[in-house]
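Dear colleague,

As promised, I am handing over the structure that we spoke about, and below it you will find what came out of going through it. Please read the notes with the structure open beside them.

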Amino acid sequence: MNRDIFLEITENFRIASKTMKMVLHGDTRLITAPGQFVNLKLEGKYLRRPISVGDYDSSESGSLTLFYDIVGEGTAKMSKMRPGEKIQILMGLGNGFDTHMDCKKPALIGGGIGCAPMLALAKHLNVEGKKPVAFLGFNTRKDVVLFEELTKLGVETIISTVDGTEGVKGFVTDAYNSYCTQHPDEIDYFYACGPMPMLKALSDTMKIDGELSLDERMACGFGICMCCSVRTKDGARRICKDGPIFRKEDLIWK
Amino acid sequence: MEMKNGEIDLSVDLGSLKLDNPIIPASGCFGFGYGMEDYYDVNILGSISLKGTTLEPRFGNPLPRVAECEAGLINSVGLQNPGIHKVIEEELPKAAKVFKKPLIANISGFSIEEYVECCRLIDTQECIGLIELNVSCPNVHGGGMSFGTSREDVAKVIKEVKRVITKPLYVKLTPNVTDIVSIGLAAQEAGADGLVAINTMLGMRIDLKTRRPVIANIMGGFSGPAIFPVALRMVYQLSHACSIPVIGCGGISSAKDVLEMMIGGASAVEIGAANLINPYACKEIIENLPVEMEKLGITNLKELKI
């Protein structure tokens, strides 16, 4: 099965100060778990752009939703694409979150654009009868995304902003800690995605088990170049192929 | 001129080693040869040059290790590999399971002793058809200069390695030298069975917002279509100055590039960066090769060198 296929853009619009939502239509069968990513070929750019899967339905005539920040030339180019245009995409990369973990009330902890994979993850956890609580952290009110989408799914969603313009003032870890103080021993697992300093802080402080989605500059995105290696207890592992999701206890932070 | 596909011969010779076709994924751009089965049956390839291997395990350089360029990329992976013993015990069996033809081992070292020991060990492996020596690493006993920038160092390492191996030895040359032909000739005189040209060109990028180099290690190896003309020029010079085969490598991205490189003097080619942006790159090149040959009235790749 060809893994490098064209999908057609059906929607591409701004949902926050620097965040876009792109919905594509096409064969999404190779996406098999929330937390996977896809690698987009953009005209005029030599390397592809790895983007986390925000939401998807896995079918021959399915849809794929990407949430992405405009951070450089590649994502700026993406933001200018219009419905009807097609993008060549390497589908279904990475391992994805393990939604079958034995837990009742997992925390979904997202920082900035790291909130993106939490939508599909919440849907999967809901199907499994779990009651996830989402903690979404941003710099400021204008950056907030996914609150409505997650709330609509019935997921208790707690926003934090560094400047305090929305929700809890402080980092997402502050919001999580204050929730745990008010609801002791309820959260029994965590899924996290966000900037590396946030993930490191979680690894250092979380007493419960969990898994983290890592992000680094990649070249290939499918495991052959070793540009995105991370240290684990089993030796060097590739974020793009062995990850991007790693168990907290397996990672070695330097 | 009318020709049927069946009349086109893609096979090439690297000395005594026969390849079904000239297409070889370059070292560092195809892992240890396995893991690509999700994309295609790798047995269509001529051979595979495996990830660079050193005596000791190496995590490699700090991240970020990659920077994008206009027509290519800079990488600074730093020879990440599990070390020769684990490569032999774990990686080669996995590679040999999916690829049924002779593989190319790529060996690196930071001292002559390390090169010799790695080559001696890898030479015993049945699945290896050819040893490729990466002489672009710094010589820790020679003031940190790359082995490949000195005729004397290149000759010395080749002579020492040749003493302990039976398989053909190809030397992958660095382009970061004043006169690559003199290095190629020194390699030939020291007993190299062939050359691979070229390794990556030293380059760098700076992030305008942070005013810091994009790559953690500051500089890295530039590869991709941008370096193709340089690689072609060097392959042309080397193949005309030397009598041993030259494997052409550097920015090859299409069947046309393959033909151009082989007309320029390459006996086979290695494909690097193209694999990283398209996992099907080698497959597409192999499929397109007879099509492009037919257009140009070429039936045999062995007689292309000008």
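**The two chains**

In chain B, among contacts between residues at least 6 apart in sequence, 70% join residues at least 24 apart. In chain A, residues 24 or more positions apart account for 62% of the contacts with a separation of 6 or more. Please keep in mind throughout that this is a predicted model, and that every value here was computed from it.

The secondary structure of chain B comes to eight helices and 15 strands, while chain A has five helices and 16 strands. For the 306 residues of chain B, a compact globule would have a radius of gyration near 19 Å, and the chain has 18 Å, which agrees with that expectation. Chain A gives a similar reading, because a compact globule of 254 residues would have a radius of gyration near 18 Å and chain A has 17 Å, which agrees. Along the principal axes, the C-alpha trace spans about 60 × 50 × 40 Å in chain B and about 50 × 40 × 35 Å in chain A.

As for burial, 60% of the 306 residues of chain B count as buried, and in chain A the share is 56% of 254 residues. Chain B has an accessible surface of about 12400 Å², of which 52% belongs to carbon and sulfur atoms, whereas chain A exposes about 10900 Å², with carbon and sulfur atoms supplying 50% of it. Chain A carries 33 positive and 33 negative side chains, and the centres of these two sets lie 5 Å apart; in chain B there are 28 positive and 35 negative side chains, with the two centres 4 Å apart.

**Where the chains meet**

The size of an interface is often given as the accessible area lost when the parts come together. Here chain B and chain A bury about 2700 Å² between them, and 60% of that area is on carbon and sulfur atoms. On the side of chain B, B:Phe59, B:Glu68 and B:Ile277 supply 24% of the area that this chain buries against chain A, which is more than any other three residues supply. The contact takes 36 residues from chain B and 28 residues from chain A.

One residue to look at here is B:Tyr39, which lies in the loop between strand 3 and strand 4 of chain B. Leaving aside its neighbours within four places in sequence, B:Tyr39 is in contact with A:Arg3, A:Leu90, A:Leu93 and A:Phe222 from chain A, and with B:Pro279 and B:Tyr280 from its own chain. B:Tyr39 counts as buried because its relative accessibility is 8%, under the cut-off of 20%.

**A buried glycine**

B:Gly248 is found in strand 14 of chain B, which covers residues 246-249, and with a relative accessible area of 0% this glycine is buried. Not counting residues up to four places away in sequence, B:Gly248 touches B:Ala197, B:Val235, B:Met261, B:Ala266, B:Ala268, B:Val269 and B:Glu270. Of these, B:Ala268 is 20 residues from B:Gly248 along the chain, and the C-alpha atoms of the two are separated by 6.3 Å.

**Backbone points to check**

Most residues other than glycine have a negative phi, and most peptide bonds are trans.

- The peptide bond from A:Gly243 to A:Pro244 is cis, with omega near 10 degrees, and A:Pro244 sits in the loop between strand 15 (235-238) and strand 16 (245-247) of chain A.
- The peptide bond from B:Leu63 to B:Pro64 is also cis, with omega near 0 degrees, and B:Pro64 belongs to the loop between strand 3 (23-25) and strand 4 (66-69) of chain B.
- A:Asp185, although not a glycine, has a positive phi of about 60 degrees; its place is in the loop between helix 4 (172-182) and strand 12 (189-193) of chain A, and with a relative accessible area of 80% it is exposed.
- B:Ile218, likewise not a glycine, has a positive phi of about 70 degrees; its place is in the loop between strand 12 (212-213) and strand 13 (220-223) of chain B, and with a relative accessible area of 42% it is partly exposed.

Key:
Residues numbered from 1 in each chain as written. Chains lettered and ligands numbered in written order. Heavy atoms only, no water. Helix = DSSP H or I, 4+ residues; strand = E, 2+ residues; numbered from the N terminus. Rg over C-alpha atoms; globule rule 2.2 N^0.38 Å. Buried < 20%, exposed > 50% of the residue type's maximum accessible area, 1.4 Å probe, protein only. Contact = heavy atoms within 4.5 Å. Areas by Shrake-Rupley, 256 points an atom, 1.4 Å probe, with all protein chains shown as cover. Lys, Arg positive; Asp, Glu negative; His and termini not counted. Charge placed at Lys NZ, Arg CZ, Asp CG, Glu CD. Buried area = accessible area lost by both parts, 1.4 Å probe.
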